[in-house]
Amino acid sequence: MSHDVLDGFVSAQRYAEVQHFYAYQMGLLDDGDVAAWAATFTDDAVFEDATSEPLLGRVAIQTSVQARVDQLKAEGRQFRHWFGMVNVTERPDGGLDTSLYALAMSTPAGGALTVHGHVVCRDHLVPQAGGWLVRRRHVAPDGI
């Protein structure tokens with residue numbers, strides 16, 4: 001048993017690292033810094049969404065998400081993500097498998113909050129320079 005694992009749970013330090021990673025990562029996206037957000041994925045990352053074809057590689061992920069961010073900006077909407085119920089499991093190769101619930105919402109200037117959807121997100125994270133990068137993200141919307 002690894003010193004980071006106690007009864008199947010990662011250490012509090014490792015869990016906090018993962019929580020911090022997601023707060024940082026999604027904050028970049030919600031602030032519109034798509035290039036910095038995309039840099040939190042490996043060059044060969046795969047982004048799978050049950051509603052579309054997988055995006056293969058960091059460049060494809062960035063291009064697709066930039067188009068969506070540009071659309072929301074043109075609509076005058078501030079988009080936000082909330083990640084919760086994060087579960088973290090260590091992999092034998094030093095990486096992590098995570099699963100979490102994600103809520104996507106937006107607010108137009110002077111308007112009311114709109115919830116766009118709820119998904120279950122499953123990531124494979126790999127260690128990188130004292131932090132983490134996403135190698136694979138699978139997003140499964142509820143109701144599909």
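Colleague: Which residues lie nearest the centre of the largest pocket, and how many residues line it?

Modeller: In this predicted model, the largest pocket has a lining of 34 residues, and Leu29, Val65, Arg68, Phe79 and His81 lie nearest its centre. Two or more lining residues come from each of α1 (12-30), β3 (41-49), β4 (52-56), α3 (58-74), β5 (77-90), β6 (96-108), β7 (114-128) and β8 (131-141). The largest share, six residues, is given by α3. The space in the largest pocket is about 950 Å³.

Colleague: What makes up the lining of the largest pocket by class?

Modeller: The lining has 17 nonpolar, nine polar and eight charged residues.

Colleague: How do you know that the span of α1 agrees with its number of residues?

Modeller: α1 has 19 residues, and at 1.5 Å a residue these should span 27 Å. The end C-alpha atoms of α1 are 26 Å apart, and therefore the two values agree.

Colleague: Which residues of α1 are buried, and what follows the helix?

Modeller: The buried residues of α1 are Arg14, Val18, Phe21, Tyr22, Gln25, Met26, Leu28, Leu29 and Asp30. After α1 comes glycine 32, which has a positive phi near 85°.

Colleague: Why is the pair of phenylalanine 41 and phenylalanine 47 called tilted?

Modeller: The count of aromatic pairs comes to four. In the pair of phenylalanine 41 and phenylalanine 47, the ring centres are 6.3 Å apart and the planes stand at 45°. A pair requires centres within 6.5 Å, and planes under 30 degrees apart would be stacked and over 60 edge-to-face, so the rings are paired and the pair is tilted.

Colleague: Why are phenylalanine 41 and phenylalanine 47 called buried?

Modeller: Buried means under 20% relative accessible area. Phenylalanine 41 has 0% and is therefore buried; phenylalanine 47 has 16%, so this residue is buried as well.

Colleague: What makes β5 and β6 a pair, and which residue stands opposite arginine 77?

Modeller: Pairing requires at least two bridges, and β5 and β6 are joined in the antiparallel sense over twelve bridges; by that rule the strands are paired. Opposite arginine 77 stands proline 108 in β6. The two strands form a hairpin with five residues between them, and glycine 94 in the turn has a positive phi of about 95°.

Colleague: How do β6 and β7 pair, and which residue is the bridge partner of serine 106?

Modeller: β6 and β7 pair in the antiparallel sense over eleven bridges. The bridge partner of serine 106 is threonine 114, in β7. This hairpin has five residues between the strands, and its glycine 110 takes a positive phi near 70°.

Colleague: Why are methionine 85 and alanine 129 called exposed?

Modeller: Exposed means over 50% relative accessible area. Methionine 85 has 62%, so this residue is exposed. Alanine 129 has 80% and is therefore exposed too.

Definitions and conventions. Residues are numbered from 1 along each chain as its sequence is written. This is a predicted model: local features need pLDDT of at least 70, side-chain atom pairs count only at pLDDT 80 or more; totals for chains, interfaces and linings use all residues. Side-chain values use heavy atoms; hydrogens and water are left out. Rings of Phe, Tyr and Trp (its six-membered ring) pair if their centres lie within 6.5 Å; planes under 30 degrees apart count as stacked, over 60 as edge-to-face and the rest as tilted. Buried means under 20% relative accessible area, exposed over 50%, partly exposed in between (1.4 Å probe, protein chains only). On a 1 Å grid over the protein atoms alone, a cavity is a set of points where a 1.4 Å probe fits but cannot get out, and a pocket is an open set with protein on both sides within 12 Å along at least five of seven lines; lining residues have an atom within 4 Å of a point. Grid points are joined across faces, edges and corners, and a volume is the space filled by probe spheres set on the points. Helices (H or I, at least four residues) and strands (E, at least two) are DSSP runs, numbered from the N terminus. Ala, Val, Leu, Ile, Met, Phe, Trp, Tyr, Cys and Pro count as nonpolar, Asp, Glu, Lys and Arg as charged, and the others, Gly among them, as polar. The expected span of a helix is 1.5 Å times one less than its number of residues.
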